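Thanks for coming, everyone. Please bring up the sequence and the model, and keep both in view while I talk.

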Amino acid sequence: MSRELILSSIRRHLRRGPLPPDHRLMLAARLAQHPRHLIPARSRLPRPEQIALFISQVEKEFGTVVRLSGLEDVPGAIAEYLAQHNLPTRLVAAPHPEITALPWGERPLLEVRFGRAEPSDQVSLQHGFAGIAETGTLMLPSGPERPTTINLLADTALVLLRASRVVGAYEEAWDLLRAERSGGNGPLMPRNVMLVTGPSRSADIEQTLELGAHGPRRLHVLLIDDDPAAKPDAG
Amino acid sequence: MLQASPNLAKTPRVALFVTCLVDFHRPSVGIAALRLLREAGCHVEVPRAQTCCGQPAYNSGDRATARELGRQIIETFSGYDYVIAPSGSCGGMLRHHLPTLFDDDPNLRARAEALADKCYELVSFLVDVLKIESVGARFSGKLTYHDSCSGLRELGIKDQPRKLLAAQGAEIVEMEDAEVCCGFGGTFCVKYPEISTRMVSDKTANIAATGAPLVLAGDLGCLLNIAGRLKREGRPIAARHVAEVLAGMTETLPPIGETR
Amino acid sequence: MLPTSPAFKENAARALQEERLQKALARTKPQFHTKRAKAVAALPEFEQIRDIGRDIKNHTLQFLDHYLETWAENVERAGGHVHWCPTAEDARAAVLAICQRVGARIVTKGKSMISEEIALNDYLERHGITPVETDLGEYILQLRHEPPSHIIGPAFHLNREDWEESFRKSHTDLPPDRVFRERRDILTEARTKLRERFLAADVGITGANFLIAETGTSVIVTNEGNGDLTQTLPRVHIVLASIEKVVPTLEDATNMLRLLARSATGQDFSVYTTFSTGPRRPEDPDGPEEYHVILLDNGRSSMLGSPFQDMLRCIRCAACMNHCPVYNVVGGHAYGWVYPGPMGAVLTPTLIGIDQAGHLPNASTFCGRCESVCPVRIPLPRMMRHWREREFERHLTPSFARTNLRLWGFFARHPGLYRLATRAGAALLGWLGKRRGGRFTALPLAGAWTRGRDFPAPEGETFFARYQRLERSHAL
């Protein structure tokens, strides 16, 4: 009823009736093709420089990045980061198989819980789906392996990201997501996709930037150099 | 004074659009324009049937009056190669807005468009069309330049006056927010005088901060506003139309709002 | 919110005298300008991306019915609900019905201009539901019972002292003698207070920067993360969106996002850009159980096919007001309703009527700076002029101005008479002016001018008089 009211008002003011079938087909084709628009040249770089751009952009937005040569280095790097910043050694981690399979036993002082985050959590570890070099942005889709609360509730957010998953532009990250999800019959999009660029902040008080408004105050990316072509000395 | 432009195949027939403010308030600017154009190799005429570009009506929502004036302008000016106004505001009106007054009349619309293409603001015409690189008159001394809104944003006038002034020998000291409106805005300044006064005070403060004893602009509206405020504040800064300086009139013509 | 737009002049005059406001405006303006300019300069393709943004929006508006239907189908396919609301009243009622059905007592809210437009907070309160604004700026305004003064920085008109004062007054459970040494302390207190609210809320309400037809998604953009907590923690997520927010695809939304933050805050990208599609999936560990979108028309569909259609491209970045020399000296409250600055000057008359908002499209010098920074190239001055034409047609223009205009128009159409009148006027003013040092400090009927500045005297001879004289004496 009110749906028809709005739709008919739109059509009346556009001075036409419902779209004829050929028009609808044309529009459906545009959706199916979802054409890309202009992609800025900024991120069109050889792989090593693309990774370097990703890192410098994360840092520009007040995040930090550490490069690790393999997944096995992750627990150690986390322990070191937490010690350096005087942070508790208890953390909540996304129940992603790549995270649960890490050699946590080698760092017995780290107390790791897998699952969604709770308000009492001080440190969290997320599994990054993709990194976007253009602006140093992390793509974090929700799902059983990546709870959304992990991105939000802790004061310190750690994100594990494979260098092979760092792309240039947002469009390339969407393609990764489309490729992963187009097989099933569910919706294309997970319930939630967060694009995160740096730690939470606010400039509401006298337009002066303060980090850690409602979300994390620190964002630290653990970047796994799993892409031989992307290493700094490659090529 | 001017180097006659080498780029002209034949002598262009130019109509001077005096503008109502120059006509009433500061005829010397019109004379300056006339001289600059002639010395650049143009044959200049001043059609007598002209009054105003119609902007006061157009911007007040009185489309009917603006149209009538527009029609008058088309009749008066269509026969020339170029129509030149010593104002970015009137130039913008002629070049961009005039045709939109005749959206419902294809014939007039076409004539308005043809005319609009031939309309230019004075300084940008000298530099962009006639390719003049310098004028004969010298001017040494510090000055600052206010970019009038319509000239800047509708006609892209920014470097042209600076280029000619620098070639004359002037030292241009840029003010902060040179591209920000001075608060004149046609009838705005009398409809919202408090806001307008505040805007022009910010402008004069920026002008004063440059330390230059002279401010120039290409629009008399802005200049009356700025000069009026400078005088009210008792600041010893002169205000002039850019054409006066380009035509070498500064020795004989007192600045705006002064008698000397 | 009862509009005070009819009192724009008085509001503006007061604002010019408010010391605290002026201090805040002086601080805000240069920041916005330099940050945007820097972000734009760092992206050489920005102008092309603006063109593309304009085209995407135009395309979508041309087929708005189709894209909304597609979007709604996809929302429902993902398990969400769409509430089509032709009016503000419909939208308020739809929100209330959801809240009442789930027995909500506390509702957290992300920043939403639609919420302001439909005056949702007052309405919920009247029905026994406590709305809690979680955007820091909106939160303090709620404590102070003030409307926002800016669409992306709602509390930019406040200074640190105002924050401290309001927090002491409102957070009475905290020690009254606590010290706020720096801004950080204010932030920490707000964060703690709002965390309690996030956890207690039954429903979370957010706005939407974009809706995506292809996927049935709503997009929000924040820097604080409050929008994400608002929509993730409670059982129910309600999105408030207006019909023009839809774009076709993820790629289209991406192009718009490249424009939004740069134009708004001068960031390359906002900290949190979040795409929400339906409620929690069966296997999800978190997220809301219900997902509703309140889809509001409220007069927007009638802008299609009108001279104001282009306004529906607006992505609410606030670049127009940030760069408006009028907004920059009077602030947002002077405009008297939800949407201030140039975009408000065009939109507000559509939403509350030109008879109420008549001042807004007039309070512009047409300097064109708004249009020059608008990411989707909305011809804002042109549309303000359209409103002036409507006012003129409907005789809403003050009669004094109309008479003057008519008189001037008469002379301007008769060059002969015009020459005579101007010649006499210029001669008189020129003669008087010479005796006053070249300027007038007061002039009959010109009080509005001479209150703030002198009136420079004319030279005394009109151009046409001089031209004739010089021509005759062959002095030209």
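**A walk through the chains**

Let's start with chain C. Its domain assignment gives domain 1 (43–298) and domain 2 (414–472); such bounds come from an automatic or database domain assignment. The C-alpha centres of these two domains of chain C lie 57 Å apart.

Some ground rules. This is a predicted model, where local features need pLDDT of at least 70, side-chain atom pairs count only at pLDDT 80 or more, and totals for chains, interfaces and linings use all residues. Residues are numbered from 1 along each chain as its sequence is written, chains are lettered from A and ligands numbered from 1 in the order in which they are written, and side-chain values use heavy atoms, with hydrogens and water left out.

Back to chain C as a whole. Its C-alpha atoms fill a box of roughly 95 × 60 × 45 Å, taken along the principal axes. Its secondary structure comes to 22 helices and 12 strands. Helices (H or I, at least four residues) and strands (E, at least two) are DSSP runs, numbered from the N terminus. Of its 476 residues, 66% count as buried. Buried means under 20% relative accessible area, exposed over 50%, and partly exposed in between (1.4 Å probe, protein chains only).

First stop: helix H15 of chain C, residues 341–352. The expected span is 1.5 Å times one less than the number of residues. Why call H15(C) largely enclosed? Because 11 of its 12 residues are buried. Among them are C:Met343, C:Val346, C:Leu347 and C:Ile352. The cover includes helix H6 (113–117), helix H13 (319–322) and H18 of chain C. Just after H15(C), C:Gly353 takes a positive phi of about 100°.

Next stop: helix H19 of chain C, residues 399–412. It has 14 residues and reaches 20 Å from first C-alpha to last, close to the 20 Å expected. Which of its residues are buried? In H19(C), they are C:Arg402, C:Leu405, C:Gly409 and C:Ala412. They cover an arc of only 95° around the axis, which puts them on the same side of H19(C). That arc is taken from the directions from the helix axis to the C-beta atoms. On the other side, C:Ser399, C:Phe400 and C:Leu407 are exposed. The buried residues of H19(C) are covered by parts of two chains, including helix H4 (63–77) of chain B and helix H20 (415–434) of chain C.

**Between the chains**

Now the contacts, meaning heavy atoms within 4.5 Å. Of the 2 pairs of chains in contact, chains A and C share the most contacts. Chain A and chain B do not touch, and their nearest C-alpha atoms are 19 Å apart.

On to salt bridges. A salt bridge is a side-chain nitrogen of Lys or Arg within 4 Å of a carboxyl oxygen of Asp or Glu. The whole structure has 77 of them over all chains. One joins C:Glu251 and A:Arg178 (2.7 Å, N to O). The pair crosses between chains, from helix H12 (residues 250–264) of chain C to helix H7 (residues 170–181) of chain A. Both C:Glu251 and A:Arg178 are buried.

A network of salt bridges links A:Arg3, A:Glu4, A:Arg11, A:Arg16, C:Asp65 and C:Glu69.

Compare a pair inside chain C. C:Arg160 forms a salt bridge with C:Glu164, the closest N and O atoms being 3.3 Å apart. These two are 4 residues apart in helix H9 (residues 160–170) of chain C, so about one helical turn separates them. C:Arg160 is partly exposed at 22%, while C:Glu164 is buried at 17%.

**A charge without a partner**

Last stop: A:Asp204. Where does A:Asp204 sit? A:Asp204 lies in the loop between strand E10 (201–202) and strand E11 (210–211) of chain A. A:Asp204 is buried yet has no salt bridge. The nearest side chain of opposite charge, C:Lys111, is 8.3 Å away. For charge, Lys and Arg count as positive and Asp and Glu as negative; His and the chain ends are not counted. Leaving aside neighbours within four places in sequence, A:Asp204 contacts residues including C:Leu136, C:Phe156, C:Trp163 and C:Glu224.
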